[in-house]
Amino acid sequence: MEYLQIFAFTAACALLAVALALPAAAGLGWLLARKDWPGKALFETLCTLPLVLPPVATGLILLEILGRRGWVGAWFWSWFGVDIAFTWRAVVVAMAVMAFPLLVGSARVAFEEVPRRQEDMARTLGLAETQVFRRVSLPLARRGLLAGVLLGYARALGEFGATITLAGAIPGRTETLASAIYSRLQLGQDDSIWPLLLFSLCGAFCLVWVSQQWLRSPRNAA
């Protein structure tokens, strides 16, 4: 029962994290693929930082921002009486931040593969830019976007460093699959690690495999 709770909590938080990050990631991916603006390279670098920074460093930055004394965390606490750090909300935020670069990168590649000619033809028919995006660009980029969602979800499921820094590993409250494995390893409970490890391994393998097959499948091509 304990394992099931950990699996369900981690899966639910990862799903919510990807759902929250996806709209912004898709929009940003489209902007990076289709538009030029001053500081674009700098902005793209900032979006990639969570992939290359130590996850604990990312978690510390988030803690400074979202902790009760942080400028965002303090606002939530003073106005709503809601804590972010060391709650399930922190788990979702950490997962979303760590999955975001993968979602943006996949979205950018997906939109770059959309033929500009089809978008231009839609504009000549009188469609506004938002309609072109919704009716042409988004459907044609769906294969890459969905593959990116699967990879982002896999990344969120396996997230550890930023999550344990921002949310801790409180049993029954913020303990995720990765933090549960780490806690049991530290306590020398090796036997109890295997179910968690197997779930993690199988979940990651299936998500990555399906993502690769989706990208390669001709029938899903736009």
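Helices here are DSSP runs of H or I with at least four residues, strands are runs of E with at least two, and both are numbered from the N terminus.

What we are looking at is a predicted model, in which local features need pLDDT of at least 70 and side-chain atom pairs count only at pLDDT 80 or more, while totals for chains, interfaces and linings use all residues. Residues are numbered from 1 along each chain as its sequence is written, and side-chain values use heavy atoms, with hydrogens and water left out.

Let me begin with the whole chain. The protein chain has eleven helices and zero strands, and its C-alpha trace spans about 65 × 45 × 30 Å along the principal axes. Its accessible surface comes to about 12,400 Å², of which 68% belongs to carbon and sulfur atoms; these areas come from the Shrake-Rupley method with a 1.4 Å probe, and for residues only the protein chains shown count as cover. Of the 222 residues, 39% count as buried, where buried means under 20% relative accessible area, exposed means over 50%, and partly exposed lies in between, with a 1.4 Å probe and protein chains only. If we take contact to mean heavy atoms within 4.5 Å, then among contacts with a separation of 6 or more, 71% are between residues 24 or more positions apart.

Now to the interior. A nonpolar core, as I use the term, is a set of buried Ala, Val, Leu, Ile, Met, Phe, Trp, Tyr and Cys residues joined through side-chain atoms within 4.5 Å. In soluble globular proteins, nonpolar side chains tend to be buried together. In this model the largest such core has 31 residues, and those with the most contacts inside it are Ala14, Leu66, Met95, Tyr153 and Leu166. Helix 1, helix 3 (55-66), helix 5, helix 8 (142-157) and helix 9 (161-166) each supply at least two residues of this core, and the largest share, nine residues, comes from helix 5. Apart from this core lies another, of eight residues, among them Trp30, Ala110, Ala141 and Leu145.

Leaving out residues up to four places away in sequence, Leu166 touches Gly59, Leu62, Leu63, Leu66, Ala85, Phe86, Ala90, Val93 and Ala94. Ala156, which is found in helix 8, is buried, with a relative accessible area of 0%, and with that same exclusion in sequence Ala156 touches Ala14 and Met95. Ala156 and Leu15 are 141 residues apart in sequence, and yet their C-alpha atoms are 8.2 Å apart in space.

Which residues of helix 7 are buried? They are Val132, Val136 and Ser137, and they cover an arc of only 85° around the axis, which puts them on the same side of helix 7; the arc is that of the directions from the helix axis to the C-beta atoms. What covers these buried residues includes helix 1 (2-34), helix 5 (88-112) and helix 6 (116-124).

That brings us back to Glu119, which counts as buried at 2% relative accessibility. Not counting residues up to four places away in sequence, Glu119 touches Trp30, Arg34, Val114, Val132, Val136 and Ser137.

Finally, the charged pairs. The structure holds ten salt bridges, each being a side-chain nitrogen of Lys or Arg within 4 Å of a carboxyl oxygen of Asp or Glu. One of them joins the side chains of Glu44 and Arg108 (2.0 Å, N to O); Glu44 lies in helix 2 (residues 40-52) and Arg108 in helix 5, so the pair ties together parts that are 64 residues apart in sequence. Glu44 is partly exposed, with a relative accessible area of 27%. The side chains of Glu159 and Arg155 also meet in a salt bridge (3.3 Å, N to O), with Glu159 buried at a relative accessible area of 1% and Arg155 partly exposed at 24%. A further salt bridge is formed by the side chains of Glu175 and Arg184 (3.2 Å, N to O), and both Glu175 and Arg184 are buried. Through salt bridges that share partners, Glu2, Glu175 and Arg184 are joined into one network.
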